[in-house]
Amino acid sequence: MMQGEFTFDDFLKSYKMLRRMGPLQGVLKLIPGLGNQLEGLDQVDEKQLARIEGIILSMTPRERALPHVIDGSRRQRIARGSGTDVQQVNQLLEGRKQMAKVMKQMKSGKMPSLPGLEPPAAANGARAATAQKTKSKRKNKNKKRKARR
């Protein structure tokens, strides 16, 4: 995970660590700033998380470490082994891709925008105002420099 790659092994470690902390609803409410934005997620389905764990455990160690090797026939085998369908396996693979993007952004120092957790419109307006103030300050500095010359 530190190299910007997010494998299913990383996911399993994170998931097991979260489960040890208690019910997922309680853990999510502890994250600063997310409490109000997670109102719809207070009904987290633990069965769905167990299903995801089953899908991951149905993968070979190589597939968990290198998810890009999972082709159509492997997806069918994973679905049969986990008692799910190929669509659910595909959703998990797509979710991992999105998580990898977020990890890459975090590694580069950018705060990723998470789908569904967009900042309120007022915060966007405040950002625009801050950017405008910064722009004005730069202009004033440049004017002062020119005046000194």
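Modeller: We can start with the overall fold and then pick out some residues.

Colleague: What should I know about where the model comes from?
Modeller: It is a predicted model.

Colleague: OK. How many helices and strands are in the chain?
Modeller: Seven helices and zero strands. Along the sequence the pattern reads α-α-α-α-α-α-α.

Colleague: What share of the residues is buried?
Modeller: Of the 149 residues in the chain, 23% are buried.

Colleague: Contacts next. Taking those with a separation of 6 or more, what part comes from residues 24 or more positions apart?
Modeller: That part is 52%.

Colleague: Switching to charge. Which residues gather in a patch of positive charge on the surface?
Modeller: Lys137, Lys141, Lys144, Arg145 and Arg148.

Colleague: Where does Lys137 lie?
Modeller: In helix 7, which covers residues 121-148.

Colleague: Why does Lys137 count as exposed?
Modeller: Because its relative accessible area is 61%, and exposed means over 50%.

Colleague: Now the other end. Where is Thr7 found?
Modeller: In the segment before helix 1, and that helix spans 8-21.

Colleague: Is Thr7 buried or exposed?
Modeller: Buried, because its relative accessibility is 14% and the cut-off is under 20%.

Colleague: Which residues does Thr7 touch?
Modeller: Leaving out residues up to four places away in sequence, Thr7 touches Arg64 and Ala65.

Key
Residues numbered from 1 in each chain as written. Predicted model: local features only at pLDDT ≥ 70, side-chain atom pairs only at ≥ 80, totals over all residues. Heavy atoms only, no water. Patch = residues over 30% accessible without salt bridge, like charges linked within 9 Å, V, L, I, M, F, W, Y side chains within 5 Å. Areas by Shrake-Rupley, 256 points an atom, 1.4 Å probe, with all protein chains shown as cover. Salt bridge = Lys/Arg side-chain N within 4 Å of Asp/Glu carboxyl O. Lys, Arg positive; Asp, Glu negative; His and termini not counted. Charge placed at Lys NZ, Arg CZ, Asp CG, Glu CD. Helix = DSSP H or I, 4+ residues; strand = E, 2+ residues; numbered from the N terminus. Buried < 20%, exposed > 50% of the residue type's maximum accessible area, 1.4 Å probe, protein only. Contact = heavy atoms within 4.5 Å.
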